[in-house]
Amino acid sequence: MLGGLFYFFGIFILGTLTLVCSVFSIIYFANNKKGKFIWLSGFLASLLLLLLIIFLLVQKITHKARNFVSDLEHSFEMNIDTTFANKSYKRADTAQSKQIQYLKMIEKPEHKNAIPSQFYTYLGFQDYYRLPLVYPFAIHCTDSLDNGYLYNESEVVKFDQSDNGEVHTGIINIVEFNFDQNIFIAKIKYDTEKNKHRYIIYFLNSGEKEEFDTAAEFTKRAQQLKFGKSLQLLSCQKYFKLL
């Protein structure tokens, strides 16, 4: 506030001084009086200072405007993410989607009637997203749904609490994925700067993992294992919408 008043006060003083010096410069030069160059120098100096302080004021206003827009955009994005996560949570909690029905259908016999209800209904909050797969596995995404991390949640009782016993499988940067009762397949990003990807096959029962550099090798191996679903991979964003 005080900084802004200083700029406007300075513009007023220098503007007045520039005007006065310009008038007297014209008068003194018109009458060829002594001191005409002093008034001319005063005019030029005050004009340069006036232009400088106007430039600094514009720069200050532009900086504040950029910060305001940036904060506004960030707030807007956070509101969208929060609404998106909360609406999806309610949708899964009140009306089971076909995807959740499928997850319940492929539960292993030993897990029937023993899975906490939150495993299927808790999908995250604000900038944290949770994507349940075949029990006890789930993908977690932080900040956005661009990539995820695979967790084993067999020891989890309260899914809406942090440090709740979930175990990281070591599968990170999941861009696209699919799964059946026994196998999790995924495309993962392993070099962010060069945007390079690999393909993995993770055996849900044993925790073993196979990696492939090309989609052709990956597809051939998945077919050999008789993967129980289509080999079409889904992004975390698309899968989240299915829930």
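1. Strand 3 and strand 4 (residues 149-152) make a hairpin with six residues between them, and Asp143 in the turn has a positive phi of about 75°. Strands here are DSSP E runs of at least two residues and helices are H or I runs of at least four, numbered from the N terminus.

2. The model is predicted: local features need pLDDT of at least 70, side-chain atom pairs count only at pLDDT 80 or more, and totals for chains, interfaces and linings use all residues. Residues are numbered from 1 along each chain as its sequence is written, and side-chain values use heavy atoms, with hydrogens and water left out.

3. Strand 3 pairs with strand 4 in the antiparallel sense over four bridges. Two strands pair if DSSP finds at least two bridges between them. Phe137 has Asn152 in strand 4 as its bridge partner.

4. Strand 2 (residues 128-132) also runs antiparallel to strand 3, joined by five bridges. A hairpin of four residues links strand 2 to strand 3. Leu131 stands opposite Ile139 in strand 3.

5. Strand 3 (residues 137-142) is largely enclosed by the rest of the structure, because five of its six residues are buried. Buried means under 20% relative accessible area, exposed over 50%, partly exposed in between (1.4 Å probe, protein chains only).

6. Ser25 belongs to helix 1 (residues 2-30). Its relative accessibility is 6%, so Ser25 counts as buried. Leaving out residues up to four places away in sequence, Ser25 touches Trp39, Leu40 and Phe43; contact means heavy atoms within 4.5 Å. A polar atom of the Ser25 side chain lies 2.7 Å from the backbone oxygen of Cys21.

Key
Polar contact = N/O pair within 3.5 Å; in protein donor to acceptor, adjacent residues only side chain to side chain.
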